[in-house]
Amino acid sequence: MSTGVEVGYAAALEKYAPGEAVELAALAEQHGFVGTLATDHFQPWLPTQGQAPFVWSVLTALGERTSSNFGPGMAVPGYRYHPATLAQAAATLASMYEGRHWLGIGPGEALNEHVTASYWPEASDRINSMFEAIDLIKKLFAASIAGRDTRFTGTFHRMESTRLWTMPAVAPPVLVATSGPVTARRAGKIADGIVTVGTSYDRAGTLLERFDLGVRESGRDPRTMLKVLHLNLSWAPTQEEAMAHAIEQWPLGAMAFPKGDIRSPQVFEQMARLVGPEGFDDRMLISSDVDAHRARVQKFADIGFDRIYLHNVGLNQREFIQTFGAQVLPTIG
């Protein structure tokens, strides 16, 4: 959608207190990062990470402290949030910060969504629920902009006749989080963009192709859609530090299996004890070589992503922001 790739900052709210996360995002913008993706957690992945602030409060602070785009990665409708509540939250931010806020939607993980003590559905139902919620949200946006009420009755969600009384002239874009080609094509038929978490180049390319196919099937132009990557990496001044950060702070990068049904940080902690250097393979770049990271980011840009939010998994955030701001971001195009 943009004329050139934008490299933004991923704020890992499961690891940083809200004030610190906002400070880091503001620092990142000062060093050339464009935009912030803030993770939406009710619990951290690991007990040692120690944080899980309410993302919508943090997003408001980001709107005040930064000047570029921002949004949640990813909000999940139907458990902690009714879709209409998500629509209201996004519409309010889009009204306050015109043209900057985007709404990221995902099918969710039990880690964050089971807290309401409701039945946790199978993956297929979670995906169907997500798409129905997006339908509700987009209809509510359109009706509210037109100044009329709307109602919704679906398989998973219901809404009485209403409108959003605080609504920007242009609705915030709705992006769908997915790592599967079938869901990507379906997202292309209804959403305004796609978000995926760093994966192989080949798989990422397939996702974008399937998304574009869905966009064309909806009668729209794929060039007008947002294509977003949330890229995990581990950089430190030495290779030993980079590997230690990956194992200690982001063992999830070595867990090559679906994680959506795991409910507890303590369970992830037990699994993390089995993680070693060999488990990461090519799923996440762990390197002290700035040039290697630059090449990886550029390669994802070259296959079609127009926004890439970088998450350095270690706690050395200020050093990462300053180093990548000076040595990586100026060369990406």
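User: What percentage of the 333 residues in the chain is buried?

Analyst: This is a predicted model. A residue counts as buried when its relative accessible area is under 20%. Of the 333 residues in the chain, the buried share is 56%.

User: How does the radius of gyration of the chain compare with the globule rule?

Analyst: The chain has eleven helices and eleven strands. For 333 residues the globule rule gives 20 Å, and the chain is close to that, so it is as compact as a globular protein of that length. The radius of gyration is 19 Å.

User: Among contacts between residues at least 6 apart in sequence, what share joins residues at least 24 apart?

Analyst: A contact requires heavy atoms within 4.5 Å. Among the contacts in the chain between residues at least 6 apart, those joining residues at least 24 apart come to 77%.

User: Which elements cover the buried residues of α3?

Analyst: Helix α3 runs over residues 83-96 and spans 20 Å from its first C-alpha to its last, close to the 20 Å expected. Its buried residues are Pro83, Ala84, Leu86, Ala87, Ala90, Ala91, Leu93 and Ala94. An α-helix has 3.6 residues a turn, so residues three or four places apart point the same way. The cover over the buried residues of α3 includes α2, β3, β4, α5 and β6.

User: What is the geometry of the pair formed by the rings of Trp45 and Phe268?

Analyst: The structure holds eleven aromatic pairs. The ring centres of Trp45 and Phe268 are 5.3 Å apart. Trp45 lies in the loop between β2 and α2 and Phe268 in helix α9, 223 residues apart, and both are buried. Planes over 60 degrees apart count as edge-to-face, and these stand at 90 degrees, so the pair is edge-to-face.

User: Is the pair of Tyr201 and Phe300 stacked, tilted or edge-to-face?

Analyst: Tyr201 in helix α7 and Phe300 in helix α10 are 99 residues apart, with ring centres 4.7 Å from each other. The angle between their planes is 45 degrees, which makes the pair tilted.

User: Over which ring does the charged end of Arg163 sit?

Analyst: A charge sits over a ring only if it is within 6 Å of the ring centre and within 35 degrees of the ring normal. The charged end of Arg163 is 4.5 Å from the centre of the ring, which belongs to Trp165.

Methods
Residues numbered from 1 in each chain as written. Predicted model: local features only at pLDDT ≥ 70, side-chain atom pairs only at ≥ 80, totals over all residues. Heavy atoms only, no water. Helix = DSSP H or I, 4+ residues; strand = E, 2+ residues; numbered from the N terminus. Expected span 1.5 Å × (residues − 1). Buried < 20%, exposed > 50% of the residue type's maximum accessible area, 1.4 Å probe, protein only. Phe/Tyr/Trp six-rings, centres within 6.5 Å; stacked < 30°, edge-to-face > 60°. Rg over C-alpha atoms; globule rule 2.2 N^0.38 Å.
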